[in-house]
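Dear colleague,

Please find below the structure that I am handing over to you.

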Amino acid sequence: MAATKRKRRGGLAVQAKKPKRNEKDAEPPAKPRATAEEVEEEERNRIPGPVCKGKWKNKERILIFSSRGINFRTRHLMQDLRRLMPHSKADTKMDRKDKLFVINEVCEMKNCNKCIYFEAKKKQDLYMWLSNSPHGPSAKFLVQNIHTLAELKMTGNCLKGSRPLLSFDPAFDELPHYALLKELLIQIFSTPRYHPKSQPFVDHVFTFTILDNRIWFRNFQIIEEDAALVEIGPRFVLNLIKIFQGSFGGPTLYENPHYQSPNMHRRVIRSITAAKYKEKQQVKDVQKLRKKELKTLLPHDPTADVFVTPADEKPIEIQWVKPEPKVDLKARKKRIYKRQRKMKQRMDRRKTK
């Protein structure tokens, strides 16, 4: 019999509530078994999961920062490199008074083994250091012809954090100092595989070309439709100065004989313009002196008229008839026009009367 309980005030007995059934003990209703065709359709329509990420083994980290006194274009270039390189780190600007050896300690504190350091001088010259911290080697470049991502000419676009392809000129394998720079650029600009901040896609190319004893850097987007290349940016030119054995110093491994400092370049330009100005002034002074000089009269040479033959004298013609006056066509047309205008005015007056 069902359990009953009484009310306090007396009355009919109320049936007690049944105890709640535990949800864990409740068994779900049996589903009909899916056929083989439905399973195949589900597998076809199933969206594949994310790409399986392996183990991050190459722990390359790059420190990108600059000295104080850089301009806006250098700052934008530095930010563009940080966007394109997900394995990079940033730091505050370094004081100019500090020596470059301090950067090795900063890299150690930031847990970075590579460094890109922008050094500004005279608020117009920009130098770039590429270094393998702390043992070296390191290279110093003069940066020229900077173009950033924000410019209108750079129409391409790529995924943030995607891994780039590195394309090198065949000239990098011909000379030993270029081969050393190639290995340094590969270790710095290539994004490590399975990096946490990187994407498993390859949609842009970094190209390094040697022309006119300089390294030209370009960044192109790979278009999937026709495999064409569209330039994204940034764009800059690296003029090699020296390669050192250590990090930010040490014995010099290579020195570029074709390098000309910016101060010397500006001095040559000033000297060329000054030489042009001096030349113009000298020409003016010579012309003034020539005008002031007395003209020298050369004596007559009697042998100068030996081969001169006298021309036949033409008879003098006397015109006895007065020539006819020339007809001025323009004046004649004006007169005819005036007559026609007066005739029209008279006709109009008669009509009005």
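Predicted model: local features only at pLDDT ≥ 70, side-chain atom pairs only at ≥ 80, totals over all residues.

I begin with the surface. Tryptophan 320 is found in the loop that runs between helix H5 (262-292) and helix H6 (329-352). This residue counts as exposed because its relative accessibility is 76%, and the cut-off for that term is over 50%. Together with Ile316, Ile318 and Val321, Trp320 forms a nonpolar surface patch, and the four have about 600 Å² of accessible area in total.

The largest pocket has a volume of about 420 Å³. It is lined by 25 residues, of which Gln124, Asp125, Leu142, Val143 and Gln144 are the closest to its centre. Two or more lining residues come from each of helix H2 (72-84), strand E5 (114-121), strand E6 (125-132), strand E7 (138-147) and H5. Strand E7 provides the largest share, with five residues.

Is alanine 139 buried or exposed? With a relative accessible area of 0%, alanine 139 is buried, since the term applies under 20%. Between alanine 139 and isoleucine 241 the C-alpha to C-alpha distance is 7.7 Å, while in sequence these two are 102 residues apart.

With kind regards

Conventions
Residues numbered from 1 in each chain as written. Heavy atoms only, no water. Patch = residues over 30% accessible without salt bridge, like charges linked within 9 Å, V, L, I, M, F, W, Y side chains within 5 Å. Areas by Shrake-Rupley, 256 points an atom, 1.4 Å probe, with all protein chains shown as cover. Salt bridge = Lys/Arg side-chain N within 4 Å of Asp/Glu carboxyl O. Helix = DSSP H or I, 4+ residues; strand = E, 2+ residues; numbered from the N terminus. Buried < 20%, exposed > 50% of the residue type's maximum accessible area, 1.4 Å probe, protein only. 1 Å grid on protein atoms, 1.4 Å probe; cavity = no way out; pocket = protein on both sides within 12 Å on 5 of 7 lines; lining within 4 Å. Points joined across faces, edges and corners; volume = space filled by probe spheres on them.
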